[in-house]
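Dear colleague,

My notes on its contents come after it.

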Amino acid sequence: MWEGEHARYTLDKFCTWAARNSLREHEPGHYDFAMYLSRGRMSPAGYAPVTGMCRPDRSCALIKEDGFSTAFVAAHEIGHT
């Protein structure tokens, strides 16, 4: 189960990976925000850095995918960033 420090570690690693793999701003395929969707066991349903949207290395979220409610969790976590 992804809880506490393990989820934080996974989020940090994913954010670092996403920042390194994003293309330059004016290139096709560039993204400003990355979201990791997983069906793994995770509590709570999402993690995201607070006030990270303007920093490429903190503009990401880790979301548990469990159907329709995933959209609401994703919107909530985007709001944190």
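Predicted model: local features only at pLDDT ≥ 70, side-chain atom pairs only at ≥ 80, totals over all residues.

In one of them, the side chains of R58 and D12 meet at 3.1 Å, N to O. R58 lies in the loop between β2 (46–47) and β3 (60–64), whereas D12 belongs to helix α1 (residues 4–21), so this pair ties together parts that are 46 residues apart in sequence. R58 counts as buried, at 16% relative accessibility, while D12 is partly exposed, with a relative accessible area of 28%.

Another salt bridge joins R39 and E65, whose closest N and O atoms are 2.7 Å apart. This pair, too, links distant parts of the chain: R39 is in the loop between β1 (34–38) and β2, and E65 is in the loop between β3 and α2, 26 residues apart. R39 is exposed, at 69% relative accessibility.

R55 and D57 also form a salt bridge (3.1 Å, N to O). R55 is partly exposed at 45%, and D57 is partly exposed at 33%.

E77, in helix α2 (residues 70–80), is buried yet has no salt bridge. The nearest side chain of opposite charge is that of R8, 9.3 Å away. Beyond its neighbours within four places in sequence, E77 is in contact with G46, Y47, A48, A61 and I63.

The largest pocket holds about 170 Å³ of space. Of its 14 lining residues, H30, Y31, D32, P56 and S59 are the closest to its centre. By class, the lining has eight nonpolar, three polar and three charged residues.

With kind regards

Methods:
Residues numbered from 1 in each chain as written. Heavy atoms only, no water. Helix = DSSP H or I, 4+ residues; strand = E, 2+ residues; numbered from the N terminus. Buried < 20%, exposed > 50% of the residue type's maximum accessible area, 1.4 Å probe, protein only. Lys, Arg positive; Asp, Glu negative; His and termini not counted. Salt bridge = Lys/Arg side-chain N within 4 Å of Asp/Glu carboxyl O. Contact = heavy atoms within 4.5 Å. 1 Å grid on protein atoms, 1.4 Å probe; cavity = no way out; pocket = protein on both sides within 12 Å on 5 of 7 lines; lining within 4 Å. Points joined across faces, edges and corners; volume = space filled by probe spheres on them. Nonpolar A, V, L, I, M, F, W, Y, C, P; charged D, E, K, R; others polar.
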